Each structure stands twice: as C-alpha cells, then as structure tokens.
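Q: I would like a close look at the charged pairs of this model. Please take one part first, then set it in its surroundings.

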Amino acid sequence: MLEIKNLSARIGDKEILRGVDLLVPDGEIHAVMGPNGAGKSTLSYVLAGRDGYEVTGGGAIYNGHDLLAMPPEARAAAGVFLAFQYPVELPGVGNANFIRTALNAVRRARAEPELDAVAFLKLARAALKSLSMQDDMLKRNVNVGFSGGEKKRNEVLQMALLQPGLAILDETDSGLDIDALKIVADGVNAQRGLKFSALVITHYQRLLDYIVPDAVHVLAEGRIVKSGGPELALALEAHGYAGLAA
Amino acid sequence: MSAAVETRDTMGALAAAKYKYGFTTEIAMEAFPKGLNEEIVRLISSKKDEPEWLLAWRLKAFAQWQKMAEPQWARVQHPPIDYDNLYYYAAPSGPAPKSLDEVDPSLLEMYEKLGIPLNERAALAGVESPTVAVDAVFDSVSVATTFRETLAKSGVIFCPISEAVRTHPELVREYLGSVVPAGDNFFAALNSAVFSDGSFVFIPRGVRCPMELSTYFRINARNTGQFERTLIVAEAGASVSYLEGCTAPMRDENQLHAAVVELVALDDAKIKYSTVQNWYPGDADGKGGIYNFVTKRGACRGRNSKISWTQVETGSAITWKYPSCILQGDGSVGEFYSVALTHHHQQADTGTKMIHIGKNTTSTIISKGISAGQSNNTYRGLVKIMPGASGARNFTQCDSLLIGDECGAHTVPYIESRNASAKVEHEATTSKIAEDQLFYCRARGLSEEDAVGLIVNGFCKDVLKELPMEFAVEAQKLLSVSLEGSVG
C-alpha cells in the first residue's frame, strides 16, 4: 500500500504540493486528475526521487519503505516504477542492454539471481508480443529517434519487464493516438493483480475509458480536493475543474 | 536528503581504491646509473649486443636531442622533468630467459594477476584455440613472447625488437626510423637514443596473421622511464591486428613513458593497431602518475593500404599522443578512433594527423573525449591535403562529454587543403551528462555510477566497436571503473 500523508514540497521558493493525502491499497488503480500546474508531475517526481524538489513536510510510505529517505534506485528496487511523461534519450545505449541492466540491478537489490542475455531476450520477446510491439524496439538505442508514441510504449515495455509493485504513470496518455493509447492501457491492465497498484496521472478522462480506475482523485493547487469513483472523471469531463479548487 | 550524501561518501571511498593494477612486484633488478649521457647510450647498446650501425644511430639521435627543447604547444602543465634524475635502463637481473620455462615465477605470477597469462598450456593441450600471442615488456626488457613457433609457421615474425636487431638486422635497418625519424620531435629523439625494448612484427607478403598479436607494457621499477619502440611491417597483401595494454604501480612520483611506434603498410596491406592505455593516472589529488609522451605514426606506403588506430586512453597523469597516418599510396585509408577519458587532475592532449599525399586517399577520425573531476581533455588534430592528393576525403567527428562543472574539454582541429578536389568534413559537439538522463536510469534501478558508466559507454560506442571483441568488453569495464566517484 502507498500511503501519502500531508506531503508538501517545493521547487526553489515555489510551493507546489501543500499537504497531499492519498491512500492506494495494493491491487487498486487510482487516477489523479487536475488542471495544469496543480502539482501532478511534481507528485510523481517526488515519489520517484528526482533531485531539485525539496520536501517540506509529510511523508510517503510504500509497503513499509520510507520512500523519501531512499535514493531513486532503492525506490525502484522496492518496486516503484515511474513511467515518464517525457522519456529520456540515451544515445549509443541499446534498449535491450538498458532494460536488462535495470532488471538485473533490481534483481540484485532483491537478492534474486541475475538474468543472462539469453534468458532476458526470451522474456523480452514474450513481453513485446503480448504488447503487440516490434522486436526492433529492443535493438534501437534507448528512445533515440522514437516517435512520441514509441517512447510511451517503451515505458510500458519496461514496466512489463521490471514488474513493479507500484506504477506511477505521469501523463502517459499525452500525445498518443487512440491505437497507442489502447496498447498502453492493455499493458497496464495486464499488470493488474493483488500485488500491483498504480497511480495514473492524467489530464483527460479518455485514458480512463481503457484503464478503469478504482478511485479518482482531483489534485488542485497542491492538494487533493475531491475523491470519488470512476464517475468523478466523467463529471470532470462534462463540467471541468472550475469550482472544485475552492 | 541524507541518502544522497551517503551515496556520495561511498563513492568517494571507492574512488581512492579503484586502480587495481597499482601493486609492485619484488624482484631482483639491475639498473644502469641514473642520468643521461653518451655513456648511458653506449651502455644500453652494448648490453643489447647491438651492431655498430645502431649505436651510431642512437648517438646521432642523442646529439639531436641535446639540441632540442620539450614541446610547449600542448595544453598540458607539469613541473620541469629532470632527465638526469631518471634511470634509463632497469631489468630483472641475470641472463635473459630463453623460453617460458626460464621466466622468473614471480613475473609469471604478476602477469597472471594482471590478467595476462603468459603460457601456452591451455592452447597446447587443445582446451581452447589460441587467439592472442603476447609479448610482455617489463620495464626495459621483453620477458616473454608467446606462440612464436606457431606464428613462425606462417612466416610471421613476432619478437622483442632487441632480438630482431640481431636475428633480422636487414629488416630492422630498412624500416627503423623510416616513419618516425630519430630527430622527429623531442620525445622521439629521446626514445631513439635510449630505447630499450619493444616488439617487432613482420608479416610477409600475402599473409593474414593467424592470431591477434599483443604487447603488454608494465612499468615496475621506481624512478625509471620506459622507452619502448615498436615496429610493425606488413608486406604487400598482408594483414595484422595488434593490441597493446599498459599498467604501472601506484607511486607518488611521476614516471616517464616515451615510446615510439612505427607502422609500415605496403600495397593492399592492412594494419589494425589498438591500444588500451591504463597507466597509473595519479591519485585523486593529482599526485603521481605516468607522463605518457608517445609518438605513433603509420605509413601507408602502398596502393590501397590501410592503417587503423583505435585507442582507449584512461590512464596516465598526462597523455601527449597523436597516432597519425601518412597516406602516401594511392587509395590508401587512414582511420583514428579514440576514446580519451580524464578524471581528477589528469590531462590529455591527444588526437591525430592525417597527411593525404596519394590520390583518392581517405581518412576517418572519430574522437570521443570524456572529462570529469578537475581534468582537462584536448583533441588536437591535423588533416593535411597535399597538392597531389586529388579526390582525397576526410571525415572528422569530435565529441566531448563533460561530467561535473570543474573540468574542461577543448577541440583544436587544423585543416590544410592544397587540392581543390578534396572533401574535408568536420563535426564537433560538446555535451554534459544531463541530470534527466541520470535520473531516468536511477528511476529504473541503476546506481548513479552504473548510470554514468552506461551513458559514457553509449557515448563511446562508435569507437569501442572497433576494438577486438574481448578487449572491447575490458575497455567498457575500464571506462566505468575510471569514472568512479565522478558524480555527486
């Protein structure tokens, strides 16, 4: 379970999160929606451990791990996965090599045996197939020359292989056409299970037609201002965020 | 966050202990008295039982050297070198071993420890097929050369140059100094006067060398300069791939390494020369380390000949080295692939010269410089197209990667074209390892150091893929190890 309590954070002098409270039990998928500048991306970066954000109060515990006290790689080993809004290019680094290195780093941290190249490739090919992706995805350099949709699919591929306990999807739907959106949603849905939870951060209701959340939260001006079921997303789509932030 | 501070501290501790080749070997040595004078030159020559012509050649070089001054144009700084306070010859005492069985066991053990097995047992027993023959140079002498008999069956000569002077004087005399003349530059002149050992390779007409050749240079003795000389000749249609590796103990004083390498490729011959240079770089405060002042040059004398230099330079306090190609034969090809990595207070000024003389000659230069800590890394290159080099082409790409904000990267390309039909292209980039790249890797579970290693290896991929397979793997590890403690 992810338990965020009264979390406050700022960048420089700018307060972004002003006391976020959120519970995501194992097995559930929660959506966080909100207008631009509400702090959605900041929330995902603070949870994943990006430099440049100063936590000024509160905490975030995931399955007993005090996330905010851990370096990013330890959070990954504890099962936290951030699907980036803007996946980063790594020139000269093969995608298969990158994902295998990451997977083995995580497995090492969990005292699991590392996978050799052959075993990994078998696993990766199976994942590609189930996500309807091409094999060349593995041969190309990490995100270099990928279209926007390919970059997001690569995030989902990494998630499928790293098998996180908690996935944070930061506007993974932005810039995706409907086919790519379905592939991404299928990838997340395939992970569903008793030990998998996800925080789906999105601007639009559209993604939630394909990833049906157990709960929807509205983040505005750095706080959760409203929570509800999937119907809340539909209401937001119809009426907008106006009036909620007050 | 406290976790981040802790990570940095751990990495600081790692950095201090990273140079794993820094041990010394206790062995009885003999050395000539310190200092450089005509007498020392004569002593070296007589110790090696050299013919009169070679002594005369050395003495002439010494006379030239005495009139020369150290070059000042490179972007490197060091206190003055006291050439009279160095030993110019140091070697394990006793008669030279005639075969592997006679080599001092503590030397064999040292090479095992360095990962350079000096035995042919596995191959002879048929356990695995031999792929690499090794010449092991320890301070001023070659202590062992493996697989010589196997190579001899193909007509390939691979032996210490001091031996070749006696056994193949006509070849040595024809080619020695023909690419790098004795008075070429200050350090080449010094080397010509006092060179003690190195490798000699001769691939006869039409022969493709059946295995990789390599020389492993080890400096062990204190206050001793290493002045090796390598000469590789590939006759018409011959080809060879040669690799050199270098390490030295950790010492507080600087040590001088001034080598000369000459390559000669005749018609259609191909020479691939790879270097993994990991001399002791000095400690984190810039104390100690090797001064690596090296002259390497290849002559593509024949039509359609090809010389390819690949270097991975991670060691040495100072690197001053410009492996070059003289593209004399029509249609000849020169290549220079380089990774130079500097950390802490290391200084590297390295690059190449491509001299296009023949028609339709082509050259490719790919240089990757990585600077971390307070280091300085300079690419210096010359592409020169002579009037007769119609249709010459060059492509140059120089990329620099900065880690941290206290280091420097400098690119100094010279282009001189005297033929209007020549095409010369130059591309250069400078970048920093972006914070978002590091975070992306760490969010996937990689430690900060592994992330830097991965990104740097990606940056160098175009060069690393030119290395023979087994050395490429070593080089990748070396790059990561050399960068330990560079972030945070």
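Which residue forms a salt bridge with A:R125, and how far apart are the closest N and O atoms?

A: The partner is A:D135, and the closest N and O atoms are 3.3 Å apart. A salt bridge here is a side-chain nitrogen of Lys or Arg within 4 Å of a carboxyl oxygen of Asp or Glu. A:R125 lies in helix α4 (residues 117-130) of chain A, and A:D135 lies in the loop between α4 and α5 (136-139), so the pair ties together parts 10 residues apart in sequence. Helices (H or I, at least four residues) and strands (E, at least two) are DSSP runs, numbered from the N terminus. A:R125 is partly exposed, with a relative accessible area of 42%. A:D135 is also partly exposed, at 35%. Buried means under 20% relative accessible area, exposed over 50%, and partly exposed in between (1.4 Å probe, protein chains only).

A word on the basis. This is a predicted model: local features need pLDDT of at least 70, side-chain atom pairs count only at pLDDT 80 or more, and totals for chains, interfaces and linings use all residues. Residues are numbered from 1 along each chain as its sequence is written, chains are lettered from A and ligands numbered from 1 in the order in which they are written, and side-chain values use heavy atoms, with hydrogens and water left out.

Now the other pairs. The count is 27 salt bridges over all chains. One of them joins A:E54 and A:R10, at 3.2 Å from N to O. This pair links distant parts of the chain: A:E54 sits in strand β4 (residues 54-62), A:R10 in strand β1 (residues 2-11), and 44 residues separate them. A:E54 is partly exposed at 41% relative accessibility. A:R10 is partly exposed too, at 25%.

B:R380 forms a salt bridge with B:D349, with the closest N and O atoms 2.8 Å apart. B:R380 belongs to strand β20 (residues 376-385) and B:D349 to strand β18, so the pair ties together parts 31 residues apart in sequence. B:R380 is buried, with a relative accessible area of 13%. B:D349 is buried as well, at 0%. Back in chain A, salt bridges that share partners join A:R10, A:E15 and A:E54 into one network.

Strand β18 (residues 347-356) of chain B also holds B:K353. B:K353 is partly exposed, at 32%. Leaving out residues up to four places away in sequence, B:K353 touches B:R297, B:P323, B:S324, B:C325 and B:L382. Contact means heavy atoms within 4.5 Å.

Charged pairs also cross between the chains. The count between chain A and chain B is 4 salt bridges. B:D450 forms a salt bridge with A:R108, the closest N and O atoms being 3.9 Å apart. On the side of chain A that touches chain B, the largest share, 7 residues, comes from α3(A). In all, 38 residues of chain A are in contact with 21 residues of chain B. The area buried between them is about 2,300 Å², of which carbon and sulfur atoms give 63%. Buried area is the accessible area (1.4 Å probe) that two parts lose on being put together, summed over both. In chain A, A:R50, A:E73 and A:V88 lose the most area to chain B, together 24% of what that side buries.
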